[in-house]
Amino acid sequence: MGKIAKYLNQLTVGNVFDNPEVLEKYSTDYSALQIRPKFVAFPESTDDVRKLVKFFSELATKDIKVNVTARGGGHDETGASLTGGIVISTSKLNKLLEIDPRDRLVHVQAGITLKELNTALSVSGITVPIKDHEDDTIGGFNAMIEKQKKQK
């Protein structure tokens, strides 16, 4: 493990990896592109995300630029979830925080999947009426909604 990954692992609760096996897994998505990141982070809280972004932002002020990219399920077909910098996975940020059935509002973290969300919401008689991969995360829904609009 390199110095930066070791430092980031001390800084955050979640894990940061720079080993070839993890980097290889995050070097592709559903696009034809392949870009290998330098790091892959699995934050466990928004505080972890803040610390990671702050660290790389401070590096940028010293002319050491590292692209920061968020990634959910990795189903993007445009290569948007790929970077040669750091991939911040939302896989551990997957909690349903609050349901307000009366107003039909839900507060969730970006890494919750469509399947996890609809399963939890089914008790309240609510559903998210989007048809796509059940493994897709809420954080990527904007892209899915745009894709569905174009298909109509």
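This is a predicted model: local features need pLDDT of at least 70, side-chain atom pairs count only at pLDDT 80 or more; totals for chains, interfaces and linings use all residues.

Residues are numbered from 1 along each chain as its sequence is written, and side-chain values use heavy atoms, without hydrogens and water.

Q: What makes a set of residues a nonpolar core?
A: Its members are buried Ala, Val, Leu, Ile, Met, Phe, Trp, Tyr and Cys residues joined through side-chain atoms within 4.5 Å. Buried means under 20% relative accessible area (1.4 Å probe, protein chains only). The largest such core here has 12 residues, among them Ala5, Phe39, Leu52 and Ile86.

Q: Which elements give two or more residues to this core?
A: They are helix H1 (3–11), strand E2 (39–42), helix H3 (46–60) and strand E4 (86–89). H3 supplies the largest share, four residues. Helices (H or I, at least four residues) and strands (E, at least two) are DSSP runs, numbered from the N terminus.

Q: Why are H1 and H3 called oblique to each other?
A: They pack at an angle of about 140 degrees, with axes 10 Å apart. Under 35 degrees is roughly parallel, over 145 roughly antiparallel, 65 to 115 roughly perpendicular, and the rest oblique. H1 and H3 are therefore oblique.

Q: Which residues make the contact (heavy atoms within 4.5 Å) of H1 with H3?
A: H1 brings Ile4, Tyr7, Leu8 and Leu11, and H3 brings Lys51, Leu52, Phe55 and Phe56. They divide into seven nonpolar, no polar and one charged.

Methods: Buried means under 20% relative accessible area, exposed over 50%, partly exposed in between (1.4 Å probe, protein chains only). Axes are lines fitted to C-alpha atoms, for helices over the stretch in contact, and angles run from 0 to 180 degrees between N-to-C directions. Contact means heavy atoms within 4.5 Å. Ala, Val, Leu, Ile, Met, Phe, Trp, Tyr, Cys and Pro count as nonpolar, Asp, Glu, Lys and Arg as charged, and the others, Gly among them, as polar.
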